[in-house]
Amino acid sequence: MGNAVVMVCDMQNDIARFHQRPEEADRVVGEIGKFIAWAREQGMPVIYSCVGYRPDYVDVIPRLAAPIKEHGLLVEGTPGCAVIDELAPKEGDVLLTRRRSSSFYGTDLDLILRSLDVDTIILTGMSTQRVVESTARAASDRDLRVLVVEDCCSADSQELHDGALRAIADWFGQVSCAEEIMKEFTS
């Protein structure tokens, strides 16, 4: 078994506030909190992948610009763009800001992973069908082992969540519950 990192994707105030299933968002916050506490005990690095835009939104995806601008969402440096308090990064964690769905696109994630000699990426977060699936696909294309923690991910509907997990499991990585992954990696 090689070196693994845990990624916490899009667990930000604005994203949680607009989640279509608030009870599900609350559940996944608790599950991710437990999972990253365990990961830190194992000495695994934790990387936060957050989407954020400049105040003028020059870097937002054009087809998504209107609703994001209308609500003033995800502006870098604002409370809405910050990681939710319950999952706040700790000293030594890596905070990665991205402009698109994949945590790799236009970021230095690949460099960070190579510097840490990582061969396994463990994904958690919202939304399963966006950042989690996009990052899983990109990680697989880079020959990384991809593990998705199904009970530490969420989407605006169960259908979207399940579809993304099926797509990932079909070709790009392994989908498992937190308990199974903890058993595999507990030292």
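Cys9 is buried, its relative accessible area being 0%, where buried stands for under 20% relative accessible area, exposed for over 50% and partly exposed for what lies in between, with a 1.4 Å probe and protein chains only. This is a predicted model, in which local features need pLDDT of at least 70 and side-chain atom pairs count only at pLDDT 80 or more, while totals for chains, interfaces and linings use all residues. Residues are numbered from 1 along each chain as its sequence is written, and side-chain values use heavy atoms, with hydrogens and water left out.

A search of the whole structure for disulfides, meaning pairs of cysteine sulfur atoms within 2.5 Å, returns zero. Cys9 accordingly belongs to no disulfide, and its nearest cysteine sulfur, that of Cys153, lies 7.7 Å away. Cys153 is likewise in no disulfide, the nearest cysteine sulfur being that of Cys152 at 6.9 Å, and Cys153 counts as buried at 0% relative accessibility.

Two aromatic pairs are present in the structure. Rings of Phe, Tyr and Trp (its six-membered ring) are paired if their centres lie within 6.5 Å, and planes under 30 degrees apart count as stacked, over 60 as edge-to-face and the rest as tilted.

| Pair | Distance between ring centres | Angle between planes | Class |
|---|---|---|---|
| Phe35 and Trp38 | 5.2 Å | 40° | tilted |
| Tyr53 and Tyr57 | 6.3 Å | 50° | tilted |

Phe35 and Trp38 both belong to helix 2 (residues 22-41), where they are three residues apart, about one turn of the helix; helices (H or I, at least four residues) and strands (E, at least two) are DSSP runs numbered from the N terminus. Phe35 is buried at 0% relative accessibility, and Trp38 is buried at 7%. In the other pair, Tyr53 and Tyr57 are both buried.

The nonpolar interior comes next. A nonpolar core is a set of buried Ala, Val, Leu, Ile, Met, Phe, Trp, Tyr and Cys residues joined through side-chain atoms within 4.5 Å. The largest such core has 37 residues, of which Met11, Phe35 and Ile122 touch the most other members. Among the elements that give two or more residues to this core are strand 1 (3-9), helix 2, strand 4 (118-126), strand 5 (145-154) and helix 7 (178-185), and helix 2 supplies the largest share, eight residues. Leaving aside residues up to four places away in sequence, the contacts of Ile122 include Val6, Phe35, Met44, Leu147, Ile181 and Phe185, a contact meaning heavy atoms within 4.5 Å. A second, separate core of 23 residues includes Met7, Ile121, Leu123 and Val148. In soluble globular proteins, nonpolar side chains tend to be buried together.

Helix 2 and helix 7 pack with their axes 11 Å apart and at an angle of about 0°, the axes being lines fitted to C-alpha atoms, for helices over the stretch in contact, with angles running from 0 to 180 degrees between N-to-C directions. The two helices are therefore roughly parallel to each other, a class for angles under 35 degrees, whereas those over 145 count as roughly antiparallel, 65 to 115 as roughly perpendicular and the rest as oblique. Lys34, Phe35 and Trp38 of helix 2 make this contact with Ala178, Ile181, Met182 and Phe185 of helix 7.

Helix 2 also holds Ala25, which is buried with a relative accessible area of 4%. Ala25 touches His19 and Met126, not counting residues up to four places away in sequence, and the C-alpha atoms of Ala25 and Ser127 are separated by 10.0 Å although these residues are 102 residues apart along the chain.
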